[in-house]
Amino acid sequence: MTVSVLHSASETGHAWWRKTPNGAAIIDTAATTTAQLLADRAAIDAAVSADSVAVDSLKLISPVTRPCRVVAQMTNFASHVKDAGMDPATVPLTFFRKASASINGPFDDIVKPAHVKLLDYEVEIGLVIGRAIPVGTSISEANLAEFVAGLVVTNDVSARDIQLPQTQFYEAKSYPTFTPVGPELVLLTADELKRFGELRLRLSVSGEERQNALVDGDMLYRPLQALQSLTQFQELAAGDLILTGTPVGTALSAPPKPVEIIGNLLPPAIKWKAFFKRQAGNPKYLGHGDIVEASVSTDDGAIDLGTQRSAVRFA
């Protein structure tokens, strides 16, 4: 059975909780970071439901603490790749970085900076690293669960009008509040992690479903492949966060082929001006007051990472 960890904040400080059938049981630990908590597994296991409080009474914050590394996989769902006008068979396994200062609570506002015009969403499954992984570490299906402690719901919020002209992602995806995480850190056994392909990602905006996809048949590079590739050049530590990509349904979509061909013939400044003029009329970009709900679970509910709910606020 999965173990769900919650992280709360109050006037007296932060606390860790284990979710139980009766609510949330306090974890007796001195841990202040996700890494420290994962090293105190005995305390997590010792939390008992007799001491539980209502989950709704807690102000939940991200169960992944910062600072940490936040690494994300690019175009990792076939449906998203096709929607971007590319061939999934030709897409390599690639990564980009996000600032961990972008990590936000699961029920906190997503704040759009005043200069950003096109705010987009991407529901993703986050892998939380459970132990140090030096460069060159041998990772296989047999020991994958030794390195992946658990999973979280994440939203890779993106400023598309910053991202696209720069042809790099760091700034566009790293503004404060641009990575909502949680509400739960779900710790998995090796057998439970093998059900990763059965996870379904969902995202809605103000009640309208935008994304709904299963990992199986859509995700191009699974966690094993991602970590095998990443640890060839990047060391990882307990508490680091790996975002594994998003399916089709984001506001941004590739233009029709004839429009794309014509656009490629134009000088870059004119091309981008025309592109963003068209995008400005796209109602799927996030607006002030929109409510973004994102969830990840298996269809049978055996693995449920919970649902985050974020209001969009324009600065």
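This is a predicted model: local features need pLDDT of at least 70, side-chain atom pairs count only at pLDDT 80 or more; totals for chains, interfaces and linings use all residues.
Residues are numbered from 1 along each chain as its sequence is written, and side-chain values use heavy atoms, with hydrogens and water left out.

**View 1. The whole protein.** Welcome to the protein, whose secondary structure comes to nine helices and 19 strands. Helices (H or I, at least four residues) and strands (E, at least two) are DSSP runs, numbered from the N terminus. With a radius of gyration of 20 Å, close to the 20 Å that the globule rule gives for 315 residues, the protein is as compact as a globular protein of that length. That radius is taken over C-alpha atoms, and the rule is 2.2 Å times the number of residues to the power 0.38. Along the principal axes, the C-alpha atoms fill a box of roughly 65 × 45 × 35 Å. Of the 315 residues, 54% count as buried; buried means under 20% relative accessible area, exposed over 50%, and partly exposed in between (1.4 Å probe, protein chains only). Among contacts with a separation of 6 or more, 76% link residues 24 or more positions apart, where contact means heavy atoms within 4.5 Å.

**View 2. The nonpolar cores.** Look inside for the largest nonpolar core, which has 54 residues; Ile125 and Leu151 touch the most other members. Such a core is a set of buried Ala, Val, Leu, Ile, Met, Phe, Trp, Tyr and Cys residues joined through side-chain atoms within 4.5 Å. Leaving aside neighbours within four places in sequence, the contacts of Leu151 include Ile125, Leu127, Leu185, Phe196 and Leu305.

**View 3. Leu185 in its strand.** Here the focus moves to Leu185, which sits in strand β14. At 0% relative accessibility, Leu185 counts as buried. Beyond neighbours within four places in sequence, Leu185 is in contact with residues including Val3, Val5, Leu38, Val128 and Leu151. Tyr170 is 15 residues from Leu185 in sequence, and their C-alpha atoms are 25 Å apart in space.

**View 4. Helix α7 and its cover.** This view shows helix α7 (residues 223-230), which is mostly covered, with six of its eight residues buried. Those buried residues are Pro223, Leu224, Ala226, Leu227, Ser229 and Leu230. What covers them includes β5, β6, β10 (123-129), α4 (144-147), β11 (148-155) and β17 (241-243).

**View 5. Two cis peptide bonds.** Most residues other than glycine have a negative phi, and most peptide bonds are trans. A cis peptide bond joins Arg66 and Pro67, with omega about 5°; Pro67 lies in the loop between β4 (52-53) and β5 (70-73). Another cis peptide bond joins Gly182 and Pro183, with omega about 20°. Look for Pro183 in the loop between β13 (179-180) and β14 (185-187).

**View 6. Two threonines with positive phi.** Thr75 is not a glycine, yet has a positive phi of about 30°. Find Thr75 in the loop between β5 and α3 (78-83), where this residue is partly exposed, with a relative accessible area of 24%. Thr177 also has a positive phi, near 80°, and is found in the loop between α5 (160-166) and β13. At 13% relative accessibility, Thr177 counts as buried.

View 7. Ala101 belongs to the loop between β6 (95-98) and β7 (103-104) and, at 43% relative accessibility, is partly exposed. Not counting residues up to four places away in sequence, Ala101 touches Arg66, Pro176 and Thr177. Tyr175 is 74 residues from Ala101 along the chain, and their C-alpha atoms are separated by 7.6 Å. Asn104 is found in strand β7 and counts as buried, at 10% relative accessibility. Leaving aside neighbours within four places in sequence, Asn104 is in contact with Thr177, Thr179 and Val181, among others.
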